[in-house]
Amino acid sequence: MIYNNKNIFKCSLTSAAIEVLNTPDPDEKVKLSFLISQNWDNGSLLKIDNVIPPAYPARPSYPQLIDPKKVARRRINTAVPGRVALLHALAHIELNAIDLAWDIIARFSSQELPIQFFTDWIKVAADEAKHFSILSNRLYEFDKKYGDLEAHDGLWDSAWATRHDLAARLAIVPLVLEARGLDVTPKMMTKLRNAGDIESADILEIIYNDEIQHVKTGKVWFDFICASRGVLPEKTWQNYVSEFFKGNLKPPFNKIARDSAGIPVSWYNSKINS
Ligand SMILES: [Fe+2]
Ligand SMILES: [Fe+2]
């Protein structure tokens, strides 16, 4: 279904979120994300009801999704194919991030959450839609498009593993995966700049600054849930990481960005030393 302003008014926020998840076309996901965000901001879309999101979001026929171990490692060098592969991999991550933001809105809507929770995650969803869009446009400048290369098949695993618990979802998606993005992005930006690809580096810088806010949003709501349950955030986060994150937290950490996002050093330092 193609939404427009007329029929989205009749819809609840949560059913609109489901519509994004069930939309396979990336450009439609982006348009719909912006439309919902605008309608939320101008007060036209108010209702939040209980919905059941799909187990997996709809995806386009291309790119072909393959085992993560078989995806070529991202290499950044002066050659165009290396940069195209990086932009394509990042676009794939951002497409997944659009769905993750709408999934958190839809999946946990039955819990008693302040309206600000929804406002914050709609902002994240709109940012992720913007990120996908600018990366996709940059690929066009190399005569490529999203879907031309193979992509990672494992990005929804964490979402599925944490579907039963909002605190677990926040502990892993923003506070491990997006925080990891903060650690690695500055190096990518430097390599792109050194390769003379200032346009791509500038795109990564936009994404980087927004992602600090996404991690911060994750931390605020993780703390909120921990306070409502009467548990200590640091220990709770570390327990969730042990239970739901396959692999280890990898230093070096970007302390400056993590500080800006409100993640204390003790959280991740004691986790790698444990
Ligand atoms: Fe993003
Ligand atoms: Fe994000």
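**Contacts and overall fold**

Mentor: Happy to. Among the contacts in the protein chain with a separation of 6 or more, 80% join residues 24 or more positions apart; two residues are in contact if their C-beta atoms, placed from the backbone, lie within 7 Å. Keep in mind that this is a predicted model, where local features need pLDDT of at least 70, side-chain atom pairs count only at pLDDT 80 or more, and totals for chains, interfaces and linings use all residues. Residues are numbered from 1 along each chain as its sequence is written, while chains are lettered from A and ligands numbered from 1 in the order in which they are written.

Trainee: Got it. How many helices and strands does the protein chain have?

Mentor: Eleven helices and two strands. Those are DSSP runs numbered from the N terminus, with helices being H or I of at least four residues and strands being E of at least two. Along the sequence the pattern is α-α-α-β-α-α-β-α-α-α-α-α-α.

Trainee: And which domains are there in the domain assignment?

Mentor: Domain 1 (1-153) and domain 2 (156-274); the bounds come from an automatic or database domain assignment. Their C-alpha centres lie 19 Å apart, and 23 residues of domain 1 are in contact with 21 residues of domain 2.

Trainee: Which helices supply the side of domain 1 that touches domain 2?

Mentor: Helix H4 (80-107) and helix H5 (115-141) each supply at least two residues of that side. Its residues divide into twelve nonpolar, five polar and six charged. Here Ala, Val, Leu, Ile, Met, Phe, Trp, Tyr, Cys and Pro count as nonpolar, Asp, Glu, Lys and Arg as charged, and the others, Gly among them, as polar.

Trainee: Switching topic, where does H7 have a kink?

Mentor: At Val184, shortly before the proline Pro186, and the kink is about 35°. That bend is the angle between axes fitted to the seven residues ending there and the seven starting there. Just after H7, Gly196 takes a positive phi of about 85°.

Trainee: What about H3, which residues are buried there?

Mentor: Among them are Pro26, Leu32, Ile36 and Trp40. A residue is buried if 20 or more other C-beta atoms lie within 10 Å of its own, exposed if 12 or fewer, and partly exposed in between, with C-beta atoms placed from the backbone. Over the protein chain, 42% of the 274 residues count as buried. Just after H3, Gly43 takes a positive phi of about 80°.
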